[in-house]
Amino acid sequence: MSFLSDITTLRERARAKMSEGPITDAYGADRSQVIEVLNEALATEIVCVLRYKRHYFMADGLSGGPVAAEFLEHANEEMGHADQIALRITQLQGEPNFSPAGIEDRSHSEYVEGSGLVDMIKEDLVAERIAIESYAEIVQWLGDKDPTTRRMMEDILAVEEEHADDLLNLLADLEKQG
């Protein structure tokens with residue numbers, strides 16, 4: 001038995017459902033549910049961008065410059081994640097939900113402003129930990145049913161873990177100074 005379907009059958013199926021783009025008979029996930037989950041991840045990333053941008057502009061004091069630079073770097077990376085997720089939603093023939101209405105309800109993380117550098121870093125660390133846990137669950141849930149989306153979420157998850165590590169290091173540095 002061959003691992004690959006009959007070439008003629010593959011060709012016929014590809015031509016018969018061209019309007020479905022990259023979605024083939026091999027796609028094993030519930031596409032509408034995947035799009036819904038991805039829209040929640042999109043909202044999570046947007047809320048993180050907004051929180052990091054606020055923290056970037058609000059960072060002050062002797063350590064404010066380097067911490068602000070880290071906040072800005074994270075904001076830009078989170079925006080990149082949002083773009084990746086939105087693109088995947090459209091590849092799945094869904095619509096990315098960028099509506100500000102209800103964005104915090106769709107987001108897994110919260111928008112907490114924080115007061116002072118340490119508080120802002122802690123709030124960002126909490127948000128990263130939420131993203132890490134929820135994205136890990138999404139990866140497990142997708143399994144082999146949608147390997148493309150799973151790999152994208154694994155890549156994003158790895159960056160979120162780096163962010164959490166960065167923030168933990170920033171906290172340690174501030175405690176040494178303080």
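Predicted model: local features only at pLDDT ≥ 70, side-chain atom pairs only at ≥ 80, totals over all residues.

Modeller: Residues are numbered from 1 along each chain as its sequence is written, and side-chain values use heavy atoms, with hydrogens and water left out.

Biologist: Which residues have the most contacts inside the largest nonpolar core?

Modeller: A nonpolar core is a set of buried Ala, Val, Leu, Ile, Met, Phe, Trp, Tyr and Cys residues joined through side-chain atoms within 4.5 Å. Buried means under 20% relative accessible area, exposed over 50%, and partly exposed in between, with a 1.4 Å probe and protein chains only. Here the largest such core has 43 residues, and those with the most contacts inside it are Leu 38, Phe 71, Ile 85, Ile 121, Tyr 135 and Met 153. At least two residues of this core come from each of helix 2 (31-58), helix 3, helix 5 and helix 6. Helices are DSSP runs (H or I, at least four residues), numbered from the N terminus.

Biologist: What does Phe 71 touch?

Modeller: Contact means heavy atoms within 4.5 Å. Not counting residues up to four places away in sequence, Phe 71 touches Tyr 52, His 55, Tyr 56, Ala 59, Leu 117, Met 120, Ile 121, Asp 124 and Leu 167.

Biologist: How many aromatic pairs does the structure hold?

Modeller: A pair of aromatic rings is described by the distance of the centres and the angle of the planes. Rings of Phe, Tyr and Trp (its six-membered ring) pair if their centres lie within 6.5 Å; planes under 30 degrees apart count as stacked, over 60 as edge-to-face and the rest as tilted. The structure holds two aromatic pairs. Tyr 52 and Phe 71 form a tilted pair, 6.2 Å centre to centre with 45° between the planes. Tyr 52 lies in helix 2 and Phe 71 in helix 3, so this pair ties together parts that are 19 residues apart in sequence. Both Tyr 52 and Phe 71 are buried. The ring centres of Tyr 56 and Phe 57 are 4.7 Å apart and their planes are at 70°, so that pair is edge-to-face. Tyr 56 is partly exposed at 27% relative accessibility, whereas Phe 57 is exposed at 61%.

Biologist: Is Ser 109 buried or exposed?

Modeller: Ser 109 counts as buried because its relative accessibility is 1%. Ser 109 is found in the loop between helix 4 and helix 5 (117-142). Among the residues it touches are Thr 44, Arg 51 and Ile 130.

Biologist: What is the phi of Gln 93?

Modeller: Most residues other than glycine have a negative phi. Phi of Gln 93 is near 65°, a positive value. Gln 93 is placed in the loop between helix 3 (64-91) and helix 4 (103-106), and counts as partly exposed at 40% relative accessibility.

Biologist: Which residues line the largest pocket?

Modeller: On a 1 Å grid over the protein atoms alone, with a 1.4 Å probe, a pocket is an open set of points with protein on both sides within 12 Å along at least five of seven lines; lining residues have an atom within 4 Å of a point. The lining here consists of Leu 10, Arg 13, Ala 14, Lys 17, Met 18, Gly 21, Ile 23, Thr 24 and Asp 25.
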